[in-house]
Amino acid sequence: MSSSDNFASVQYLKRPQGQDVVADRSLGETVSDIISQVRERGDAALREYSQKFDRVTPARFEVTAQEIEQALAELDPQTRLDSEFAINQVKRFAEAQLTTIKPLEVEVLPGVHLGHRIIPIQTVGCYVPGGRYPILSAPVMSIVPAKVAGCDEIVACLPPGAHPAMIAICHLAGAHRIFKVGGAQAIAAMAWGTESIPVVDKIVGPGNAFVNEAKRQVFGKVGIDALAGPSEIFIIADDSADPRILAADLLAQAEHDVHTRVGLATTSLEIAQQTLAEIERQLGNLPTAITAGEAWRLQGEIAVCEDEAQLIAYADHMATEHLQVHTRDPHGTASKIRNYGSVFIGQNASVVFSDKCCGTNHTLPTMAAARYTGGLWVGAYVKTCTHQWIDEQGIPAIAQPAIRQSRTEGMQAHRRAAEIRLHPEAIDAITSGERD
């Protein structure tokens, strides 16, 4: 049965318009050219793209210690305190998460020892987006977990026109080096290196369509966290929900971008109708209504489900970046859902708190990627690498099946490598082919 069959009885008060997929090929070609130019020409290409896209050519790309001091001095004191609060919250949660990632040593058979180590990635590149607003929490979310994980070098790249406060926050969050380079060219620079910017092992952090496409194209040369689309919020609710709060939370995400996906699924037709009316009322006095209203017009959705079972199935089908649960038993409802980037349980848990400062990471899977992955976290900055060691007691137990399997497969060099461990006294005969 298809998912559309499962939701044939769902009633829609509002459906989103079709996703805008214009010029995907053109975007890919443009980004490919940017990457090629940066790879071949380094800083010279960065200067040209900086002038072309940002209308500025920095004297140097790396932010100096003096510039950092100036950015810190100009940072509003309360903004600094609030940013440090967010940094500490994200740090506390990342540290707690890291304690759950344990090294392992186990003797699976007598003399056969297996295990793994937790090893920090050596160099990470954190892309810090510019965008419509100076999202001060953005560098916190990508840099702080890298610091907690113990990465040797944390490189931050942000557009040269970014708000000066962003430089200060990058520094406070723990970046070792900060560069004023944005867009696809920043991703290319971190992947391939230039005269100014070092090669990194993994690139993390959200960005626009050009940044996202660049990350897709450099994946393999470097690691990436995920491919991110526009922000998303979906709320599931029953008749106990407050339409005023539902509308406020939907519009809070909608003001990010006109392509933001915002939706509500509820078992109550009355709540659906009231929320629809409330959204229009709040848009009437919202300073960011131009963006939020367009996002709602293009991507807004309100669906009425028959019962809780269909509501939960709909939430899993959406597999949204942010999922809010406004039901009488939000913990019980949330426990039945498996596909989400981050779940916000109960009326008090707004996405806004995670976006800014509560401690969970706001860099989350979009475009239904929550079906198979979670969001950015401290575990994204470490590698779980296995090892093994075998003492004399363990050799017979594993050498004999390895020899038989290698012989069956026709892999005689494999067979020899196993056999010389089982019969070291015959190593000359084995390696000369006398025992083949």
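The model is predicted, so to speak of local features a pLDDT of at least 70 is needed and side-chain atom pairs count only at pLDDT 80 or more, while totals for chains, interfaces and linings use all residues. Numbering starts from 1 along each chain as its sequence is written, and side-chain values rest on heavy atoms, with hydrogens and water left out.

Helix α6 spans residues 137-149 and helix α7 residues 164-173, and their axes lie 9 Å apart at an angle of about 20°. That angle makes α6 roughly parallel to α7, a label for angles under 35 degrees. The crossing of α6 past α7 is right-handed. On the α6 side the contact (heavy atoms within 4.5 Å) involves Pro-139, Val-140, Ile-143, Val-144 and Lys-147, and it is met by Met-166, Ile-169, Cys-170 and Ala-173 of α7. By class, this contact of α6 with α7 has 8 nonpolar residues, no polar and 1 charged; Ala, Val, Leu, Ile, Met, Phe, Trp, Tyr, Cys and Pro count as nonpolar, Asp, Glu, Lys and Arg as charged, and the others, Gly among them, as polar.

Helix α5 (residues 77-98) also packs on α6, with axes that come within 9 Å and cross at roughly 45°. This makes α5 oblique to α6, and α5 passes α6 in a right-handed crossing. Among the contact residues are Ala-86, Ile-87, Val-90 and Lys-91 of α5, together with Val-140, Met-141 and Val-144 of α6. The contact of α5 with α6 divides into 11 nonpolar, no polar and 2 charged residues.

On a 1 Å grid over the protein atoms alone, a cavity is a set of points where a 1.4 Å probe fits but cannot get out, a pocket is an open set with protein on both sides within 12 Å along at least five of seven lines, and lining residues have an atom within 4 Å of a point. The largest cavity contains about 30 Å³ of space. Its lining includes Leu-46, Ser-50, Asp-54 and Phe-61, and helix α3 (residues 43-54) supplies the largest share, 3 residues.

The second largest pocket has a volume of about 380 Å³. Of its 20 lining residues, Ile-135, Leu-136, Ser-137, Asp-355 and Lys-356 are the closest to its centre. Helix α5 gives the most to this lining, with 5 residues. The lining of the second largest pocket has 11 nonpolar, 5 polar and 4 charged residues.

Definitions and conventions
Axes fitted to C-alpha atoms, helices over the stretch in contact; angles between N-to-C directions. Helix = DSSP H or I, 4+ residues; strand = E, 2+ residues; numbered from the N terminus. Parallel < 35°, antiparallel > 145°, perpendicular 65-115°, else oblique. Left-handed = near helix turned anticlockwise from the far one by under 90°. Points joined across faces, edges and corners; volume = space filled by probe spheres on them.
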